[in-house]
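Here is a short briefing to read with the model open beside you. Take it one topic at a time.

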Amino acid sequence: MSTARNTSKSATPTGGLHHPEGRQPLAAAVARQLREAIASGAWEIGQRIPTESELMERFQVSRGTLREGIKALAHAGVLEVRQGDGTYVRARSELEGTASRSVGEHTAAHVFEVRQVLDTQAARLAAQRAEAPGIEELQRILDASLEAWHAGRVSEWADLDWEFHRGVARLSGNPLLEQLYSGFAGAFKRDLLNQSEHRDFDPSLQPGHQDLITALSSGDPETAERSVRCGLEIAESRS
């Protein structure tokens, strides 16, 4: 679960820009190193990156060059510049950023149909490829999400439930699928919060997530897909 927070110098790329060919414009080099830092997990989604002054010192570039690099990633949907507040990580890659923007431009029905494809395929692949440590992490996330729900921390529950689904996409072993799926974060969480407002909604009474973990543990792609479809049908009935 990601929360916005300040960063320290230890999380910032160091040593200036590296482009030995000497042909790459400095702004493009700035964008490249920022992109690599985000992809490596140096800064999480929702986290504020270091200040302009710190990045200028680290990269040894002017303010104008730095802003050009940041602007390029903001245009790609990777960063979000908030006037008077700072610059925040919005996505881990251009693909994820583009997917996130595209989701917001389509109807809820269209988004849900694409989610069905990604969710079911991710589950099938994860059942074939997931290893024990990854499955154990899913169980930990599921347990934490239910604990948050019973404690009345609905927003935390929604964040953890999203992490569960994104974790399944990660266990698919297909980084492209994971990036595409991550573009659904905003729409997914909004849908979860809408579901939580139904009086009869109680995630602890829905066995789908636990059934999915069992299917992944036994390497059963058919049961994994079936458990996901069941959960999607329940979600659709409440939308």
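Helices (H or I, at least four residues) and strands (E, at least two) are DSSP runs, numbered from the N terminus. This is a predicted model, in which local features need pLDDT of at least 70 and side-chain atom pairs count only at pLDDT 80 or more, while totals for chains, interfaces and linings use all residues. Residues are numbered from 1 along each chain as its sequence is written, and side-chain values use heavy atoms, with hydrogens and water left out.

**Overall layout**
- The protein has 11 helices and two strands, and from the N terminus on these run α-α-α-β-β-α-α-α-α-α-α-α-α.
- Of its 239 residues, 44% are buried (under 20% relative accessible area; exposed is over 50% and partly exposed lies in between, with a 1.4 Å probe and protein chains only).
- Contact means heavy atoms within 4.5 Å; among contacts with a separation of 6 or more, 70% join residues 24 or more positions apart.

**The cores**
- A nonpolar core is a set of buried Ala, Val, Leu, Ile, Met, Phe, Trp, Tyr and Cys residues joined through side-chain atoms within 4.5 Å.
- The largest one holds 39 residues, and those touching the most other members are Leu 138, Trp 157, Phe 164, Val 168, Leu 212, Leu 216 and Ala 224.
- At least two residues of this core come from each of α5 (108-129), α6 (132-150), α7 (154-171), α8 (175-182), α9 (185-196), α10 (208-218) and α11 (221-238).
- Another core, of 18 residues, lies apart from it and includes Ala 37, Val 61, Leu 66 and Ala 76.
- Beyond its neighbours within four places in sequence, Leu 212 is in contact with Ala 123, Phe 164, Val 168, Ala 224, Ser 227 and Val 228.

**Helix α5**
- The 22 residues of α5 should span 32 Å at 1.5 Å a residue, and its end C-alpha atoms are 31 Å apart, which agrees (the expected span is 1.5 Å times one less than the number of residues).
- Buried residues in α5 include Phe 112, Arg 115, Asp 119 and Ala 123.

- Glu 163 lies in helix α7 and counts as buried because its relative accessibility is 15%.
- Glu 163 is 21 residues from Leu 142 in sequence, and their C-alpha atoms are 9.0 Å apart.
- Glu 233, in helix α11, counts as exposed because its relative accessibility is 53%.
- Glu 233 and Gln 116 are 117 residues apart in sequence, yet 9.6 Å apart in space, C-alpha to C-alpha.
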